[in-house]
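Hi everyone, thanks for coming. Please have the sequence and the 3D view open while I talk, and stop me whenever a word is new.

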Amino acid sequence: LVSAFTKKPKTTEVTAGNTAVFEAETEKSGIKVKWQRAGTEITESEKYVIKTEGNKHSLTINNVGKEDDVTYAVIAGSSKVKFELKVKEPEKSETVTPAEAVPAPAASESPAPPAESSQNTEVSAETQPEERLDPIGLFVARPQDGEVTVGGNITITAKVAGESLLKKPSVKWFKGKWMDLGSKVGKHLQLHDSYDRNTKVYTFEMEIIEANMTFAGGYRCEVSTKDKFDSSNFNLTVNEAPVSGDVDIRAAFRRTSLAGGGRRMTSAFLSTEGHDDGAEFNFSSLLKKSTQRIIPFCRGEGKSESQSDVDVWDILRKAPPTEYEKIAFQYGITDLRGMLKRLKRIKKEEKKSTAFLKKLDPAYQVDKGQKIKLMVEVANPDADVKWLKNGQEIQVSGRYIFEAVGNKRILTINHCSLADDAAYECVVGDEKSFTELFVKEPPILITHPLEDQMVMVGERVEFECEVSEEGATVKWEKDGIELTREETFKYRFKKDGKKQYLIINESTKEDSGHYTVKTNGGLSVAELIVQEKKLEVYQSIADLTVKARDQAVFKCEVSDENVKGIWLKNGKEVIPDERIKISHIGRIHKLTIEDVTPEDEADYSFIPQGFAYNLSAKLQFLEVKIDFVPREEPPKIHLDCLGQSPDTIVVVAGNKLRLDVPVSGDPTPTVIWQKVNKRHDLLRNNDDSMTPSENSSDSNTDNKLLFESEGRVRVEMHEDHCVFIIEGAEKEDEGVYRVILKNPVGEDKADITVKVI
């Protein structure tokens with residue numbers, strides 16, 4: 001990444017009351033330059049005088065005071081150069097070196113960065129003017145901008161006051177907005193810190209080893225304590241290593257001058273502007289190989305003909321067709337197909353002319369905005385000529401000038417535009433001389449470079465840069481391989497005025513790498529890091545133990561509601577059906593199994609898609625074994641009249657008596673009917689302590705058992721009741737009847753008195 005400045009302001013020390021002048025020069029004229037004082041833009045006034053002449057810019061500070069002892073900056077496009085004004089009191093007799101004593105205007109060359117003359121560079125508090133302690137911030141010396149050659153080393157230093165700190169401050173180094181360099185320490189990057197007990201100052205260093213072009217860009221140093229925070233931004237410029245075959249040392253040392261109506265030459269390695277004190281040499285430009293790759297051109301300002309050092313027509317004529325696209329991009333050819341057609345029409349051999357002594361060259365080229373002269377020599381000095389453009393006669397105007405000087409006929413085209421890129425003819429009588437004019441646009445510069453980015457897998461990536469011309473043609477590369485329009489399924493290219501975009505809709509880990517945007521005048525590189533998404537598990541699935549026919553529900557909750565996943569059973573994906581359901585609502589994922597069977601017992605897992613997670617649990621089937629235990633229930637007689645006094649049933653002689661007695665008990669009880677005699681009845685009434693078994697025993701010996709199922713007096717047995725029947729009741733049937741129920745659990749009995757009238 002090349003600085004927009006060919007000459008940078010220097011830190012200067014001035015006595016209070018004097019005037020300080022800072023000068024800067026840009027690569028091109030017309031570039032807008034801003035000056036800042038302590039981070040605030042300077043507006044012109046009696047105190048501050050700002051001047052711009054072509055590519056030269058100056059800031060004059062009148063009547064310098066102690067309050068002017070701050071940091072200043074000059075900004076052009078994306079390039080920013082910081083410098084300082086050191087103000088000393090008049091009474092101080094301080095010895096300064098000549099370099100410090102000479103005001104900035106005396107220097108005509110840009111300060112040679114140490115990295116250009118040595119492979120090891122250190123930008124530290126010792127090499128920079130000492131900064132005063134910021135009463136609000138924490139830095140004693142802030143990290144400064146640095147410049148290094150590819151393959152060289154550089155150390156950036158920051159110093160923090162530790163006198164008022166109870167413990168060591170926390171310092172972080174960042175590249176761009178987000179990349180924490182603490183995780184990048186290794187072969188090419190080292191971070192160091194130390195503490196000076198005498199000065200009570202912490203020193204923090206970022207050392208870059210064997211720098212490459214991707215290290216260029218903006219950096220930030222952040223320092224924090226318990227109750228304070230401070231940060232400082234700085235830039236690192238990485239220049240390509242000089243190649244001996246590409247550098248003309250003699251041309252670099254040649255003084256630039258303007259003689260007579262001569263042309264001013266520009267070179268990729270030599271500053272384009274000259275000064276009266278041209279004896280100064282630009283060592284920085286000498287040793288730096290431009291990354292903008294601008295093709296040198298001669299500007300035809302005072303001569304009759306404008307001719308580039310490189311003939312694009314000749315290059316196209318000799319190049320194989322496979323190289324056409326590359327040449328068109330390098331030299332800014334916007335209509336390659338049309339230019340090739342015109343090239344094909346150029347006549348290589350023409351018959352000898354009687355009207356022309358010297359015809360037009362087959363082709364010419366000129367830079368956009370410049371002028372060009374097309375000249376022929378005619379045999380007859382009095383001959384009239386016509387000039388045609390694409391077959392139409394050209395009329396005299398402010399841009400088109402016709403000249404006749406002896407035998408010479410000259411067409412001058414001023415301020416050439418792309419509309420002048422056409423076929424031209426000079427007509428004398430019946431004879432014509434043809435030529436083609438190619439108007440070359442100036443190199444497209446990158447005015448706002450790409451920025452490094454870090455995203456999560458699946459997120460959208462948008463690289464953005466700004467170039468010097470609207471609708472310019474650019475190339476995008478990933479890790480040195482060009483991204484083509486055919487890859488639109490992955491990449492999308494977009495233009496919006498001067499802005500150029502590369503868009504990746506859904507990034508993957510494979511998209512990580514270095515992306516480059518190239519124009520025919522520069523390039524910019526940025527790094528893309530695609531990280532795995534960080535997923536937090538709020539609730540994992542748990543082991544389950546369920547019984548047959550029950551429902552089993554595995555449930556988990558994750559932090560991202562958009563994350564999908566799959567369920568596995570013993571390592572195989574679970575396929576939903578009528579009994580097995582899978583649901584995903586918000587952050588919650590569920591696997592529901594209805595009517596669990598022994599076959600459902602297994603290890604179940606949930607795997608979120610795109611993450612190295614495996615949430616697992618076990619389903620255990622609970623088999624219930626039931627041992628049959630017969631139900632036991634004591635026998636029971638269910639008579640509504642029980643408990644009433646007296647329990648007497650009256651029947652008319654000759655009528656039928658039917659007595660239904662509901663009974664219960666498990667096992668089914670045995671039913672015994674007895675007719676109790678009077679003596680036993682008296683005995684029962686006089687001895688209430690008699691047990692059932694004793695009573696039963698006496699009944700068996702003294703009472704008449706009734707078990708006939710047929711006859712006038714009979715008993716019928718059913719599952720849940722028994723029936724006592726007397727057909728045609730007689731007086732002798734009168735008495736007390738007892739029903740007794742027995743089973744292994746117990747017994748029950750009831751007495752019923754029957755009276756016949």
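Let me start with a definition: a residue is buried when its relative accessible area is under 20%, exposed when over 50%, and partly exposed in between, using a 1.4 Å probe and protein chains only. By that rule, 40% of the 757 residues in the protein chain are buried.

Some ground rules. This is a predicted model, in which local features need pLDDT of at least 70 and side-chain atom pairs count only at pLDDT 80 or more, while totals for chains, interfaces and linings use all residues. Residues are numbered from 1 along each chain as its sequence is written, and side-chain values use heavy atoms, with hydrogens and water left out.

How confident is the predictor? pLDDT is its confidence in each residue, from 0 to 100. The chain has a mean pLDDT of 76, and 75% of its residues reach 70 or more. Over residues 244-308, though, the pLDDT is below 50, and this stretch has 117 contacts in the model beyond near neighbours in sequence. A contact here means heavy atoms within 4.5 Å. Residues 680-701 also stay under 50.

Now the overall build. The chain has 9 helices and 55 strands; these are DSSP runs numbered from the N terminus, with helices being H or I of at least four residues and strands E of at least two. Of the contacts between residues at least 6 apart in sequence, 64% join residues at least 24 apart.

On to the inside. In soluble globular proteins, nonpolar side chains tend to be buried together. A nonpolar core is a set of buried Ala, Val, Leu, Ile, Met, Phe, Trp, Tyr and Cys residues joined through side-chain atoms within 4.5 Å. The largest one has 26 residues, and Val160, Trp173, Met206, Ile208, Tyr219 and Leu236 have the most contacts inside it. Strands 13 (153-161), 17 (201-208), 18 (217-224) and 19 (229-239) each supply at least two residues of this core. Another core, of 22 residues, lies apart from it and has Leu360, Ala383, Leu411 and Val428 among its members.

Next, charges. Side chains of opposite charge can pair when their charged atoms come close. We call it a salt bridge when a side-chain nitrogen of Lys or Arg is within 4 Å of a carboxyl oxygen of Asp or Glu, and the count is 27. Which residue forms a salt bridge with Lys47? That is Asp68, with the closest N and O atoms 2.8 Å apart. Lys47 sits in the loop between strand 5 (40-41) and strand 6, and Asp68 in the loop between strand 7 (56-61) and strand 8 (71-76), so the pair ties together parts 21 residues apart in sequence. Is Asp68 buried or exposed? Asp68 counts as buried because its relative accessibility is 1%, whereas Lys47 is partly exposed at 22%.

Lys8 and Glu147 also meet in a salt bridge, at 3.4 Å from N to O. These two are 139 residues apart, with Lys8 in the loop between strand 1 (5-7) and strand 2 (12-15) and Glu147 in strand 12 (residues 146-149). Glu147 counts as buried, at 11% relative accessibility. Finally, a network of salt bridges links Lys656, Arg714, Glu716 and Glu727.

That's my tour; questions are welcome!

Methods. pLDDT is the predictor's confidence in each residue, from 0 to 100.
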